[in-house]
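Hi,

Here is the structure I promised to pass on. Have a look at it first, and then read my notes below.

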Amino acid sequence: EAKLSFLVTLNNVEVCSENISTLKKTLESDCTKLFSQGIGGEQAQAKFDSCLSDLAAVSNKFRDLLQEGLTELNSTAIKPQVQPWINTFLSVSHNIEEEEFNDYEANDPWVQQFILNLEQQMAEFKASLSPVIYDSLTGLMTSLVAVELERVVLKSTFNRLGGLQFDKELRSLIAYLTTVTTWTIRDKFARLSQMATILNLERVTEILDYWGANSGPLTWRLTPAEVRQVLALRMDFRSEDIKRLRL
């Protein structure tokens with residue numbers, strides 16, 4: 001009941017902000033025509049400009065309030081559920097052999113259930129929020145997912161097939177999230193995509209084919225220290241080879 005009331009309030013705040021903004025534009029247009037015809041003096045125009053400024057300030061206050069409400073909703077209603085779902089990634093081995101890799105292909109161990117959970121959770125909000133607010137909320141949710149997934153990946157270990165499995169999981173997740181929001185997903189997941197590239201390498205020195213002068217159009221979002229940290233997640237890569245890299 002309280003949650004639904006909160007969602008209704010968010011909708012109302014957005015409508016108030018939009019209506020005040022529309023009122024300001026209409027008044028500005030109508031009164032500018034009157035002033036251009038010589039109706040009203042400088043004093044009247046100054047008062048009018050002051051009123052317009054006040055309307056803009058009120059509209060912006062409503063927008064700020066809306067953003068605060070969305071941030072609160074994301075941290076109190078979405079994050080507590082998303083975190084445990086992402087944490088289950090840690091219970092799925094990514095240090096796997098061909099047989100397990102093929103089994104994962106037939107019986108996905110994590111990402112499809114995670115997508116289903118997200119879908120069910122966001123459907124509840126979609127039914128109660130205006131399209132504009134819902135889209136803003138999904139933007140916050142996707143940022144949260146990216147941050148939390150990066151956190152658990154850095155706690156995991158991989159071999160080459162496990163890296164390939166993670167790459168498939170990440171692609172599935174990005175493909176799903178791209179369908180639910182107008183926000184650019186690939187930018188939010190750029191760091192994770194680069195981590196997947198590193199975890200897919202056949203040998204440590206292969207990173208040099210993508211780094212520095214060889215990066216081409218790719219802009220690395222990971223620092224040299226972070227690249228080494230991700231390489232160290234590969235059980236089959238020797239630490240001395242990683243240390244020797246010149247990045």
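Let's start with Gln 121, which sits in helix H4, the stretch covering residues 111-128. Bear in mind as you read that this is a predicted model. Is Gln 121 buried or exposed? Its relative accessible area is 4%, and anything under 20% counts as buried, so Gln 121 is buried. Which residues does Gln 121 contact, if you leave aside its neighbours within four places in sequence? They are Ala 77, Ile 78, Gln 81, Val 82 and Trp 85.

**Aromatic pairs**

Next, the rings. A pair of aromatic rings is described by two things, the distance of the centres and the angle of the planes. The count of aromatic pairs comes to five. One of them is Phe 89 with Trp 110: the ring centres are 5.2 Å apart and the planes stand at 80°, so this pair is edge-to-face. That label follows from the angle, because planes over 60 degrees apart count as edge-to-face. The two partners come from distant parts of the chain, 21 residues apart. Phe 89 is in the loop between helix H2 (42-87) and helix H3 (98-106), while Trp 110 is in the loop between H3 and H4. Both ends of the pair are buried: Phe 89 has 0% relative accessibility, and Trp 110 has a relative accessible area of 4%.

Now for another pair, Trp 211 and Trp 220. Here the centres lie 5.1 Å apart and the planes make an angle of 50°, so the pair is tilted. These residues are buried too, with relative accessible areas of 15% for Trp 211 and 16% for Trp 220.

**Salt bridges**

On to the charged side chains. Side chains of opposite charge can pair when their charged atoms come close. Searching the whole structure turns up 14 salt bridges. One is between Arg 191 and Glu 150, whose closest N and O atoms are 2.7 Å apart. Where do the two partners sit? Arg 191 is in helix H8 and Glu 150 in helix H5 (residues 131-153), so to speak two distant parts of the chain, 41 residues apart.

Arg 238 is partly exposed, with a relative accessible area of 46%. Glu 240 is partly exposed as well, at 37%, and so is Asp 241, at 22%. A network of salt bridges links Arg 238, Glu 240, Asp 241 and Arg 244.

**Phe 237**

Phe 237 lies in the loop between helix H9 (224-231) and helix H10 (239-244). With a relative accessible area of 9%, Phe 237 is buried. What does Phe 237 touch, not counting residues up to four places away in sequence? The residues are Leu 201, Glu 202, Arg 203, Val 204, Leu 231 and Ile 242. Leu 4 is 233 residues away from Phe 237 along the chain, and 51 Å separates their C-alpha atoms.

**The largest pocket**

Last, the empty space. Rolling a probe the size of a water molecule over the atoms shows where such space is left. The largest pocket holds about 180 Å³. Its lining is made up of Asp 167, Leu 170, Arg 171, Ile 174, Ala 175, Arg 186, Ser 193, Ala 196, Thr 197 and Asn 200. Helix H6 (160-180) and helix H8 (190-199) each supply at least two residues of that lining. Which helix gives the most? H6 does, with five residues. Sorted by class, the lining has four nonpolar, three polar and three charged residues.

Best wishes

Terms used. Residues numbered from 1 in each chain as written. Predicted model: local features only at pLDDT ≥ 70, side-chain atom pairs only at ≥ 80, totals over all residues. Heavy atoms only, no water. Helix = DSSP H or I, 4+ residues; strand = E, 2+ residues; numbered from the N terminus. Buried < 20%, exposed > 50% of the residue type's maximum accessible area, 1.4 Å probe, protein only. Contact = heavy atoms within 4.5 Å. 1 Å grid on protein atoms, 1.4 Å probe; cavity = no way out; pocket = protein on both sides within 12 Å on 5 of 7 lines; lining within 4 Å. Points joined across faces, edges and corners; volume = space filled by probe spheres on them. Nonpolar A, V, L, I, M, F, W, Y, C, P; charged D, E, K, R; others polar. Phe/Tyr/Trp six-rings, centres within 6.5 Å; stacked < 30°, edge-to-face > 60°. Salt bridge = Lys/Arg side-chain N within 4 Å of Asp/Glu carboxyl O.
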